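Opening the notebook on this one.

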Amino acid sequence: MDLEDLLAALNDGRTITGGSPLHAAMHQVSQEALRITGELNSGYQEPARVRELLAQLTGRDIDETVTVFPPFSSDFGKNTTIGKRVFINAGCKFQDQGGVVIGDDCLIGHNTVLATLNHDLDPARRTDMHPAPIVIGRNVWIGSNATVLPGVSIGENAVIAAASVVTRDVPANSVVVGSPARVVRTL
């Protein structure tokens, strides 16, 4: 089982059965992510070095206009795409197995959690994981301590208020607040 097979399964939304070869492959990739984020968070890193480590983590080029303030955590890394002029503040945690796409010009506040996996509700299958992507459109601002759950798309120019829990899609040009987040205003 290689990374390409694993990414294909994750991006198809296939269940990753606990104890399966896909599950083992996912844990292997996670060990690399933990190593890279450990280095990223081990002390001060110049901005260019932060981008180099993010490129290793994601397996993709990171534009020179991207800024990330460590500490930053990702338990997978290989299914994250970051646009241009993106700012990710300190303490963010990305669980990106299901896929995270961040559009250009986004601001991600302190301690934001992007979670793309759900465990099965059946206690006998609790180690099975169900991936679903998070897609963040252009020019989105996510406030501090927000959590975005699997399968959510956030439309361009939207604002996610601090401490919100986003459980469903957010329309473009809207402001959402609360847990679960609800639209309170249109821009």
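This is a predicted model: local features need pLDDT of at least 70, side-chain atom pairs count only at pLDDT 80 or more; totals for chains, interfaces and linings use all residues.

I counted eight salt bridges.

I started with E39 and R49, whose closest N and O atoms are 2.5 Å apart. This pair joins distant parts of the chain, with E39 in helix α2 and R49 in helix α3, ten residues apart. I get 30% relative accessible area for E39 and 24% for R49, so both count as partly exposed.

Next I looked up D105 and R85, which come to 2.6 Å between N and O. They sit 20 residues apart, D105 in the loop between β6 and β7 and R85 in the loop between β3 and β4. D105 is buried at 18%, while R85 is partly exposed at 43%. I also found R85, D104, D105 and R138 linked in a salt-bridge network.

R125 and D128 also pair, at 2.6 Å from N to O. Here R125 is partly exposed at 37%, and D128 is buried at 4%.

On to the core. The largest nonpolar one has 35 residues, and F72, I88 and I102 are among those with the most contacts inside it. Helix α3 gives the largest share, four residues. I then checked a second, separate core: twelve residues, including L7 and F76.

Which residues does I88 contact, leaving aside neighbours within four places in sequence? I listed T67, V68, F69, F72, I82, F94, I102 and I108.

Last stop was T37 in helix α2. T37 is buried, at 7% relative accessibility. Its side chain reaches the backbone oxygen of L34 at 3.4 Å.

Note on methods: Residues are numbered from 1 along each chain as its sequence is written. Side-chain values use heavy atoms; hydrogens and water are left out. A nonpolar core is a set of buried Ala, Val, Leu, Ile, Met, Phe, Trp, Tyr and Cys residues joined through side-chain atoms within 4.5 Å. Buried means under 20% relative accessible area, exposed over 50%, partly exposed in between (1.4 Å probe, protein chains only). Helices (H or I, at least four residues) and strands (E, at least two) are DSSP runs, numbered from the N terminus. Contact means heavy atoms within 4.5 Å. A polar contact is a pair of N or O atoms within 3.5 Å; within protein, one must be able to donate a hydrogen and the other to accept it, and residues adjacent in sequence count only if both atoms are side-chain atoms. A salt bridge is a side-chain nitrogen of Lys or Arg within 4 Å of a carboxyl oxygen of Asp or Glu.
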